[in-house]
Amino acid sequence: MINRATEKDPSPNGPRAPGPLGDAVVRRADGAWWSRIVERYDRFFFDTVPVDGAVYFRVFLALWTVCYFVPRLPHLRELYAETALRVPHPWLAAVGVLPALPVWGVWVVVLVLLSCVAAFGAGFHARKVQLPIILILAYLLGYDVANVRGYGQLAFYQWLIIYCFPYDRLRADDGSVIVAPRWGLRLATLLFSSVYLFSVLAK
């Protein structure tokens, strides 16, 4: 038999006994649930992964942009030099009407765009040429949104998000593929997921 009189109370400095609902309540009380949320958030956005996906995405986005504008070269006058049927982007219309460039000016802008996109896809000063690409696209895609539709706007958002990608170099000096945090890739994934989600909800 156990002599209850000889039992000692647990030391106040000893380990805390579980509560009436078990260890889960103790863990929640200690903030472990918040630590797990932070840990999963950190793992979701900031785990290091090989950058090959970011580099390939840079190349494919450049190819898509070239394929988007090359078929429009014979129709630059109708698309970007005339204002009769133009439907400017609402954001740009709120700021002010975009100027209608002469045809030769539109040709210069588009050729500069294609040159910068080719350099971007090849990885030649990609960070430096991305800013003029975004500015030119903001003009061309915002000049008449009737010609852009959803895919053109989605591509423009990708040009913004891809700046967060670690696309500068594929391999280190020793030949191994570079690893970097994947938060930029996650932003692109969330963008594509939201597009498909709103497409399903709109049907």
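Student: Okay, how much accessible surface does the protein have, and what percentage belongs to carbon and sulfur atoms?

Tutor: The accessible surface is about 13700 Å², and 66% of that belongs to carbon and sulfur atoms. Areas like this come from the Shrake-Rupley method with a 1.4 Å probe, and for residues only the protein chains shown count as cover. Before we go on, this is a predicted model: local features need pLDDT of at least 70, side-chain atom pairs count only at pLDDT 80 or more, and totals for chains, interfaces and linings use all residues. Residues are numbered from 1 along each chain as its sequence is written, and side-chain values use heavy atoms, with hydrogens and water left out.

Student: Which residues touch the most other members of the largest nonpolar core?

Tutor: That would be Phe69, Phe120, Ile133 and Trp159, in a core of 37 residues. A nonpolar core here is a set of buried Ala, Val, Leu, Ile, Met, Phe, Trp, Tyr and Cys residues joined through side-chain atoms within 4.5 Å.

Student: Which element gives the largest share of this core?

Tutor: Helix α7 does, with 10 residues. The elements giving two or more residues include α3, α6 and α9.

Student: Let's look at α6 and α7 then. At roughly what angle do their axes cross?

Tutor: Roughly 145°, and the axes come within 9 Å. The axes are lines fitted to C-alpha atoms, for helices over the stretch in contact, and angles run from 0 to 180 degrees between N-to-C directions.

Student: Which kinds of residues make up that contact?

Tutor: There are 15 nonpolar residues, 1 polar and no charged. For that count, Ala, Val, Leu, Ile, Met, Phe, Trp, Tyr, Cys and Pro are nonpolar, Asp, Glu, Lys and Arg are charged, and the others, Gly among them, are polar. Among the residues that meet are Val109, Leu113 and Phe120 in α6, and Val129, Gln130 and Ile133 in α7. Contact means heavy atoms within 4.5 Å.

Student: Switching topic: what does α3 do with α7? Which residues meet?

Tutor: Arg58, Tyr68 and Phe69 in α3 meet Ala126, Leu137, Leu140 and Leu141 in α7. By type, the residues of that contact are 6 nonpolar, no polar and 1 charged. The axes of α3 (residues 52-69) and α7 (residues 126-143) come within 14 Å and cross at roughly 35°.

Student: What's up with the phi of His125?

Tutor: His125 has a positive phi of about 50°, although it is not a glycine. Most residues other than glycine have a negative phi. His125 is in the loop between α6 and α7, and it is partly exposed, with a relative accessible area of 42%.

Student: One more. How far apart are Trp183 and Phe45 in sequence and in space?

Tutor: Trp183 and Phe45 are 138 residues apart in sequence and 4.3 Å apart in space, C-alpha to C-alpha. Trp183 is in helix α9. Aside from neighbours within four places in sequence, Trp183 is in contact with Phe45, Phe46 and Cys164.

Student: And is Trp183 buried or partly exposed?

Tutor: Trp183 counts as partly exposed, because its relative accessibility is 35%.

Notes:
Helix = DSSP H or I, 4+ residues; strand = E, 2+ residues; numbered from the N terminus. Buried < 20%, exposed > 50% of the residue type's maximum accessible area, 1.4 Å probe, protein only.
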